[in-house]
Amino acid sequence: MAETEQPQIYLLTPPEFELSTFPDQLARVLDAHEVACLRLSLATADEDRIARAADACREIAHARDIALVINDHAMLVERLGLDGVHLSDGARRMRKVRKDLGQDAIIGAYCHTSSHDGMTAGEAGADYVSFGPVGATPLGDGTRAERDLFAWWSEMIEVPVVAEGALDADLVRDLAPVTDFFAIGEEIWRAEDPAAALGDLIRAMG
């Protein structure tokens, strides 16, 4: 069997950021490392704030040929010139959103720790499925997406899989052989030098 390729980086924005400083920070990270996709994952539901953040991120991502998807707001994808949407409620809306946005849009589904939800999302047209959290986090009910889930998925299912949530170098090292992407966000934005922090995680894959 051929040696598996190294997973790609799927970068998440912080849940909130300053438009005066974050775009420069984002550009530095994208120029320092190869990133497959960027997800706008703002905590706000304020459409004006989302639109302004999307404009800033889209300009930076598209200038580097990086797709930009948004968390959950499927109805804003076309209006804001984005490439797709990440659905945080698993397969529930997948068929409708795929029909609304068409075949060219990137649509992913976060399925927590459920392989069944993941398979349902894949059958309904998901371009990727993400499982998490893989690390310990105070959010949620404490259940984590274990290595076995990724190993089984990678072996049995063709839809690309993303590992996300509270990643660290040890988890990245452990999961690198069994995942296609690592979704990395707050893990690096909290660091003094996000580009260097992402470099450390990328090195852990090797």
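Is A166 buried, partly exposed or exposed, and why?

Modeller: A quick note before that: this is a predicted model, where local features need pLDDT of at least 70, side-chain atom pairs count only at pLDDT 80 or more, and totals for chains, interfaces and linings use all residues. Residues are numbered from 1 along each chain as its sequence is written, and side-chain values use heavy atoms, with hydrogens and water left out.

Now, A166 counts as partly exposed because its relative accessibility is 31%; buried means under 20%, exposed over 50%, and partly exposed in between (1.4 Å probe, protein chains only). You'll find A166 in the loop between β7 (161–164) and α6 (169–175). Helices here are DSSP runs of H or I with at least four residues, strands are E runs of at least two, and both are numbered from the N terminus.

The backbone is worth a look too: A166 isn't a glycine, yet its phi is positive, near 55°. Most residues other than glycine have a negative phi.

Then there's the largest pocket, with a volume of about 710 Å³. A166 is among the lining residues closest to its centre, along with L12, L139, E164 and G165. A pocket is an open set of points on a 1 Å grid over the protein atoms alone, where a 1.4 Å probe fits, with protein on both sides within 12 Å along at least five of seven lines; lining residues have an atom within 4 Å of a point. Grid points are joined across faces, edges and corners, and the volume is the space filled by probe spheres set on them.
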